[in-house]
Amino acid sequence: MRCLLVVEDGPSRRVGPSGVLIGRQRDCDIVATDPSVSRRHALIRLTPDGAEVVPLGRAPVEVNGKAFDRARPLADGDRLTLPGMTLIVEVQAQRPDASAAAPFRLERPRGGSFGISHSPFVVGGDASDDLIVKRWPARALHFHVVGGELFVEVHEGKATRNEVEVAGETLEPLVPGDTLVYRKETFVVAQPSSREATTMVGGIHPLPKRVTIEMLPRGGRVVFEMPDGDRPVFLADRRLDLVIALLRPPAGYKPGDFIPDDVVRTIVWPRNPGVSRPEINVLISRCRRDLVQAGLAGPRLIERAPGGGGTRFALAPDAEVVVES
């Protein structure tokens, strides 16, 4: 997905993985000069389906002449209006490179082999899905390739991996040889022999060397410094609180430790200490998904303790965590 913000009668600004921050403060990506604009007024960020605007200041954001004070999806041609500035949104879906080598394949025992050439790779019954299976729901399965690993996300219905049901709201890791069954269709995960050495499964997973957290009114931008480059991501509200709880835990714990659920509850839900373990698991799954969309192996970075009860964020030895207000 490619998104541009076009200043009326002016230049364009591409929306990258960390989004585009608009406001009066000088370190914003687009700086507005009108004094009625908030210091941090709005964030435009990419989503799996396109782009959205997240209001950050007290004043609402106008899209096509209508004011919004909550996150709103953006479509191609939308007009985003701030005092003294109009931005035209251009959203385009980029065609995957058909010549790109597929790091994983889905092999159908009854015939057919299908390369997962891009991420996310969507399988379902809609004509716009990457692999179309008749009578399946639209966008039923999403396959994500991140850091040499493959994960599957079930969006509707039930699927099994090696005869074990895949839990909802999760990113399930898959390795070559796994059997995935959904609605009487069976796929076996395979990997071309020339690519076998690239997989991280069973090997050493790259971990962040430095994490920089930039606090925003309704969440924050987090930049993970990885061995192959920076990976920025926007995390909203409680998802950011969860990451902070794991990366900047209270006294008695250090980053990389398993932080008990009771400690996480007091930080993420200070007014609701009775939050259940399933609710914590759902928040973890959503945060992992945000990381995957930024090109990070979320399920490998945010780990649950065996049997539950604690969570940790995996970091490289001597990694640095910086929080900027």
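**Figure 1. Burial and overall dimensions of the protein chain.** Of the 325 residues in the protein chain, 44% are buried, where buried means under 20% relative accessible area, exposed means over 50%, and partly exposed covers the values in between (1.4 Å probe, protein chains only). The model is predicted, so that local features need pLDDT of at least 70 and side-chain atom pairs count only at pLDDT 80 or more, while totals for chains, interfaces and linings use all residues. Residues are numbered from 1 along each chain as its sequence is written, and side-chain values use heavy atoms, with hydrogens and water left out. The secondary structure of the protein chain consists of four helices and 29 strands, helices (H or I, at least four residues) and strands (E, at least two) being DSSP runs numbered from the N terminus. The radius of gyration of the protein chain is 21 Å, close to the 20 Å that the globule rule gives for 325 residues, so the chain is as compact as a globular protein of that length; the radius is taken over C-alpha atoms, and the rule is 2.2 Å times the number of residues to the power 0.38. Along its principal axes, the C-alpha trace spans about 65 × 50 × 35 Å.

Figure 2. Contact means heavy atoms within 4.5 Å, and among the contacts between residues at least 6 apart in sequence, 43% join residues at least 24 apart. The accessible surface of the protein chain comes to about 16,300 Å², of which 48% belongs to carbon and sulfur atoms, as computed by the Shrake-Rupley method with a 1.4 Å probe.

**Figure 3. The salt bridge between E149 and R300.** The closest N and O atoms of E149 and R300 are 2.7 Å apart in this salt bridge, a term that stands for a side-chain nitrogen of Lys or Arg within 4 Å of a carboxyl oxygen of Asp or Glu. E149 lies in strand β17 (residues 149-154) and R300 in helix α4 (residues 298-301), so the pair ties together parts that are 151 residues apart in sequence. E149 counts as buried at 2% relative accessibility, whereas R300, at 26%, counts as partly exposed.

Figure 4. F151 is found in strand β17 and is buried, with a relative accessible area of 0%. Not counting residues up to four places away in sequence, F151 touches H142, F143, H144, V146, L171, E172, P173, A297, P299 and R300. R300 is also the salt-bridge partner of E149.

Figure 5. The structure holds 22 salt bridges. In one of them, the side chains of E214 and R221 meet at 3.4 Å, N to O, and both E214 and R221 are buried.

**Figure 6. Backbone geometry in two loops.** A cis peptide bond, with omega of about 0°, joins S119 and P120, and P120 lies in the loop between β13 (113-116) and β14 (121-124). In another loop, between β18 (159-161) and β19 (164-165), lies N162, a residue other than glycine whose phi is positive, near 50°. E163 lies in the loop between β18 and β19 as well, and its phi, near 70°, is likewise a positive value in a residue other than glycine. N162 counts as partly exposed at 38% relative accessibility, whereas E163 is exposed, with a relative accessible area of 79%. The C-alpha atoms of N162 and F151, which are 11 residues apart along the chain, are separated by 14 Å.

Figure 7. D261 is found in helix α2 (residues 261-268) and counts as buried at 4% relative accessibility. Leaving aside neighbours within four places in sequence, D261 is in contact with R277, I280, R304, G309, G310 and T311.
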